[in-house]
Amino acid sequence: MKIGNIHTVGAIAQFLGRSVVGDESLIVTGINEIHRVEPGDLVFVDHPKYYDKALNSAATFILIDKEVAVPEGKALIISPEPFDDYNKLTRKFAPYRPQMSMTGENCRIADSAHLSPNCFIGHDVIIGENVIVHPGAYIGDGTVIEENVIIGPNAVIGHYAFYFKKKPSGYDRMHSCGFVYIERNVEIGANTTIDAGVSAITRIGEGTKIDNLVQIGHDTIVGKNCLFASQVGIAGCCNIGNNVTIWGQVGCASGLTIGDGAVVLAQSGIAKSLEGGKVYFGSPCDESKTKMKELFVLKRLSESGGK
């Protein structure tokens with residue numbers, strides 16, 4: 001998420017009531033979680049396991065719960081509660097905006113777009129030429145939909161990211177301030193859900209076709225001309241290449257990469273990144289030929305009583 005105006009890291013720390021280690025005059029240009037950070041961004045980290053990842057990331061500013069050596073060109077904000085302070089910042093720069101009408105403020109909707117009855121369109125939404133949104137669909141704040149896109153009935157585009165921190169009192173949700181970007185010629189089936197980015201973009205590439213009842217998690221990037229069958233579930237922060245086919249009831253863990261042209265057969269479970277240009281099957285999935293051989297051997301062992 002990019003933030004407007006000019007905000008020094010010193011001013012950000014003052015707002016939070018925290019101290020800075022490093023150059024307080026450096027300019028903060030954005031706020032992002034660790035998977036999508038860019039130079040000028042502020043990121044948080046609150047566990048030693050991820051200190052190095054945050055400190056060595058592209059982020060220029062790190063909201064951290066321990067004073068450590070400052071990498072060159074960066075600055076730290078020291079906080080006993082980095083997650084809470086991060087939420088405080090995102091709520092400041094991207095606060096929740098209540099809406100009582102079916103179409104929000106500051107939307108740009110092409111004259112040729114067709115919005116069916118009972119569609120809910122949030123604030124700052126952009127809808128391109130010849131887009132069709134079927135009844136009951138929800139289009140969340142900041143969503144961008146390019147031309148010739150079809151959104152199926154009761155689809156939910158841009159709802160909150162599923163991102164929580166467990167505390168003794170329960171689970172605290174990270175405030176979502178990202179959005180969804182849908183490129184041209186995409187089709188999205190009925191009751192499919194595509195979550196907003198936590199602080200960046202969930203993107204669906206040009207020409208991709210998504211069946212009914214598919215779930216795509218926050219900050220996932222889907223390439224061009226992909227095909228997802230019903231009940232596919234993609235967790236957050238995945239990178240899916242172009243021309244990837246994923247058949248029904250496949251589940252994919254978070255933060256993985258699937259290469260161009262990969263095919264994942266039905267009811268497979270993706271637990272690690274997959275190379276492109278291959279066919280995969282099973283849970284955890286492997287190349288389909290290898291997995292089929294394993295199943296054949298297991299069947300022979302079962303039939304022979306293990307002898």
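## Aromatic pairs

The count here is four aromatic pairs, where rings of Phe, Tyr and Trp (its six-membered ring) pair if their centres lie within 6.5 Å; planes under 30 degrees apart count as stacked, over 60 as edge-to-face and the rest as tilted. Phe44 belongs to strand β4 (residues 41-45) and Phe83 to helix α3 (residues 82-93), so the pair ties together parts that are 39 residues apart in sequence. Helices (H or I, at least four residues) and strands (E, at least two) are DSSP runs, numbered from the N terminus.

Buried means under 20% relative accessible area, exposed over 50%, and partly exposed in between (1.4 Å probe, protein chains only). Phe162 and Phe164 also form an edge-to-face pair, with 5.2 Å from centre to centre and 70 degrees between the planes. Here Phe162 is exposed, with a relative accessible area of 68%, while Phe164 is partly exposed at 38%. Ring pairs also link Phe44, Phe83 and Tyr86 into a cluster.

## About the model

This is a predicted model, in which residues are numbered from 1 along each chain as its sequence is written, and side-chain values use heavy atoms, with hydrogens and water left out. Local features need pLDDT of at least 70 and side-chain atom pairs count only at pLDDT 80 or more, while totals for chains, interfaces and linings use all residues.

## Charges over rings

Which charged residues lie over a ring face? Lys88 lies over the face of Phe15, at 5.0 Å from the ring centre, and Arg173 over that of Tyr160, at 3.9 Å. The rule asks for NZ of Lys or CZ of Arg within 6 Å of the ring centre and within 35 degrees of the ring normal.

## Nonpolar cores

In soluble globular proteins, nonpolar side chains tend to be buried together. A nonpolar core is a set of buried Ala, Val, Leu, Ile, Met, Phe, Trp, Tyr and Cys residues joined through side-chain atoms within 4.5 Å. The largest core has 42 residues, and Ile151 and Ile182 touch the most other members. Leaving out residues up to four places away in sequence, the contacts (heavy atoms within 4.5 Å) of Ile182 include Val144, Ile151, Ile188 and Ile204. A second, separate core of 23 residues includes Val9, Ile12, Ile31 and Phe61.

## Strand β21 and its neighbours

Strand β21 (residues 201-204) has a covered face, Thr202 and Ile204, and an uncovered one, Ile201 and Arg203. Two strands pair if DSSP finds at least two bridges between them. Strand β18 (residues 179-182) pairs with β21 in the parallel sense over four bridges, and Ile182 stands opposite Ile204 in β21. Strand β24 (residues 221-222) runs parallel to β21 and is joined to it by two bridges; in β24, Ile221 is the bridge partner of Arg203.

## Cysteines

How many disulfides does a search of the whole structure find? The result is zero, with a disulfide being a pair of cysteine sulfur atoms within 2.5 Å. For Cys177, the closest cysteine sulfur is that of Cys237, 13 Å away and too far for a bond. Cys177 is buried, at 13% relative accessibility. Cys226 is in no disulfide either, as the nearest cysteine sulfur, in Cys252, is 12 Å away; Cys226 is buried at 2%.
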